[in-house]
Amino acid sequence: MDAVISQLFAGLSLGSVLLLAALGLALTFGQMGVINMAHGEFMMAGAYTAFAVQKVVSDAGVSLLVSLVVGFVVGGLLGLILEITLISRMYSRPLDTLLVTFGVALVLQQLARDVFGAPNVDVRAPQWLSGAVQILGVGVPKTRVFILALSILCVVALSLVLKLTPLGRRIRATVQNRDLAETSGVSTRATDRLTFFIGSGVAGVAGVALTLLGSIGPTLGTNYIVDAFLVVVVGGIGQLKGAVIAAFALGLLQATIEYSSTASLAKVLVFVIIVAFLQVRPQGIVSVRTRSLA
Amino acid sequence: MSVGLTGCGSKTDDTPGAAGTGGSAGASCVDTSGDSIKIGFLNSLSGTMAISEQTVRDSLDMAADEINAAGGVLGKKLTVVAEDGASEPTVFAEKAEKLITSDCVAAVFGGWTSSSRKAMLPVFEGHDSLLFYPVQYEGLEASKNIFYTGATTNQQIIPAMDYLKEQGKKKVFLVGSDYVFPRTANKEIIAYAKANGIEIVGEEYAPLGHTDFATIVNKLKGSGADAVFNTLNGDSNVAFFKEYKNAGMSADAMPVVSVSIAEEEVGGIGVDNVEGQLTAWNYYQTVDSPANKKFVADFKAKYGDDRVTSDPMEAAYTSLYLWKGMVEKAKSFAVPDIQAAAGGVSFEAPEGTVTVNGDNHHIAKTALIGKIAADGLIYTEWSSDGPIEPDPFLKGYDWAAGLS
């Protein structure tokens, strides 16, 4: 029984990591349709932000909280620069965007290598996140509980922004029907830039959180980018709800299969299941129906 | 094979690895007439392996400088031709070919991954040239054209198991990356365990680059293991040790023995996460010998005080001196002469005295089990009784019959 509960948490936790990695992408890819291969590098930038902040603020707990904010800004600004300089020029050429952002990803990786050195760096976890906490009789690492909470917080915050604020309304309007939004006086350009800022910022936050779990190096982002795209594609384009369901479903699936077989096999089987699922439901779990003619 | 005094590039005989060292003349196009001799360094300076291989290149450069400052080899100064293997086995093979046939180097030093070595092996055998390979590996190989200056399994993995057995560990959990080295090593560990009354309570492989170890650590927790044997590679170690620590396990109750974490990697994993854990190597920066004190001091003077020295770096440094010893014993740069003279050549290396085995071209070296300390360095906890003779095919172990 303990093993079942442990694995349930392992799956939820893996799901929350996937969700955090995919959330920003659900905005930029899901809402705007931009295939941003540098999304993983924005996470990497967030992780290095945590490293840099810890150099200044030596208390690990304070530096983590500061990093979450600074990481959001750093990721967001990187995204904004990318949007203004490159992506805005190729909204009608999605395949070119893919290549260009992949190039940007490589440039950012090399930049990280030159600035911070090729070897991995270490970010100390705060004392209050070390060790395990007892939940339903099993020990769960506190870092994982923290990331689970953080990902839920991010989802709630993002959906509130999308649902309740004028900005959110503009974003949704632009996604559903760009031309109509424009004729109604919405500045779609400004909306695009802000959406990209927020999406990339969330990637930065994810990067900061991931320093609690894994390695911090120039290639951190490449470990997550494929999974992040999978979550968005399976979840369905254009809705955060889909990404949330998909992330937790994939996390639980991976953890369950891995427990009864091996990590490599689980990865393969999850891919097979995703391919089969997309055959039946190519639009993903949740899809937006619009009256747009596009 | 015997090759006459042929000009550069005119050699067409490509029979791989034929026996016999009849000819007395040099191989292919190596020019021994001047007052310098060319050697090749082939390490990855770009790609994923660059992090590790750059450190090996640094110590090779230092050894070459030292040898030149002391008058060279047989009165000839070393001229280094440096190449980048780019972390790609095929590039390693191409660059090795180039170093041998167009740069005409007397020997090549480098390689790291087993796949890079396997890719270069036919090139060196085909041209009857020499490769000095400085990294511990999975054994089961002995080419007359390669000198293996890192540990083979009976100098690293088996001593680590001996240590665990001595410590009274009865249940061992195996965790490794999913590729050739961990799978081969674990096959040997399982055979050893069977013969020595140790139970293997789990065997888990993670894909290279795997970042989520919650499930594997859950399995580990439920396995009742009293020790873990870790053959994970690269970044996965970070995720594994963070998970291990956060799940509330400790090195005291369930130590993890790692075979691919050296001084260089400890910083990136975070000392907090691995303090007290064990490693199995043949060299640590803290080895207490005059040769090592000089090696560490010189290295820090050359490359900076914040740099550390590790096992593969030391093995690379040693490999250049062993080649020098072989050449001086043979009084010749010719490959057949070096092969004939190699057996018994020894060097006062930073790790201690090492001696070349003339039959399998590995070197006898002392196994050291170390413990990672709070200062990020590794201190020797246990050492084998003197240097262990290399046995790449594990012929000297009854339980190993049927492996390979």
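The lining of the largest cavity draws at least two residues from each of three helices or strands: α1 (2-31) and β2 (138-141) of chain A, and α6 (214-221) of chain B. Here helices (H or I, at least four residues) and strands (E, at least two) are DSSP runs, numbered from the N terminus. The structure is a predicted model, in which local features need pLDDT of at least 70 and side-chain atom pairs count only at pLDDT 80 or more, while totals for chains, interfaces and linings use all residues. Residues are numbered from 1 along each chain as its sequence is written, chains are lettered from A and ligands numbered from 1 in the order in which they are written, and side-chain values use heavy atoms, with hydrogens and water left out.

A cavity is a set of points, on a 1 Å grid over the protein atoms alone, where a 1.4 Å probe fits but cannot get out; its lining residues have an atom within 4 Å of a point. Grid points are joined across faces, edges and corners, and a volume is the space filled by probe spheres set on the points. Four cavities of 30 Å³ or more are found in the whole structure. The largest has a volume of about 100 Å³. Its lining consists of 14 residues, and those nearest its centre are S6(A), G139(A), P141(A), N218(B) and E243(B). By type, the lining comprises seven nonpolar, four polar and three charged residues; Ala, Val, Leu, Ile, Met, Phe, Trp, Tyr, Cys and Pro count as nonpolar, Asp, Glu, Lys and Arg as charged, and the others, Gly among them, as polar.

The second largest cavity has a volume of about 60 Å³. Its lining residues include A50(A), Q54(A), V123(A) and T211(A). The helix α3(A) gives the most to this lining, with four residues. Seven nonpolar, four polar and one charged residue make up the lining of the second largest cavity.

E243(B), one of the residues nearest the centre of the largest cavity, also takes part in the meeting of the two chains: E243(B) forms a salt bridge with R144(A), with the closest N and O atoms 2.6 Å apart. A salt bridge is a side-chain nitrogen of Lys or Arg within 4 Å of a carboxyl oxygen of Asp or Glu. Between chain B and chain A there are two salt bridges. The contact (heavy atoms within 4.5 Å) involves 35 residues of chain A and 32 residues of chain B. In chain B, T215(B), K242(B) and N246(B) lose the most area to chain A, together 22% of what that side buries.

Within chain B, the domain assignment, which is automatic or taken from a database, gives domain 1 (36-150 + 292-364) and domain 2 (154-286 + 367-400). Their centres, taken over C-alpha atoms, are separated by 27 Å. Contact between these domains joins 31 residues of domain 1 to 24 residues of domain 2, yet the count of salt bridges between them is zero.

Over all chains, the structure contains 23 salt bridges. One of chain B links E83(B) and K95(B) at 3.2 Å, N to O. E83(B) lies in strand β2 (residues 77-84) and K95(B) in helix α2 (residues 89-101) of chain B, twelve residues apart.

Terms used:
On a 1 Å grid over the protein atoms alone, a cavity is a set of points where a 1.4 Å probe fits but cannot get out, and a pocket is an open set with protein on both sides within 12 Å along at least five of seven lines; lining residues have an atom within 4 Å of a point. Buried area is the accessible area (1.4 Å probe) that two parts lose on being put together, summed over both.
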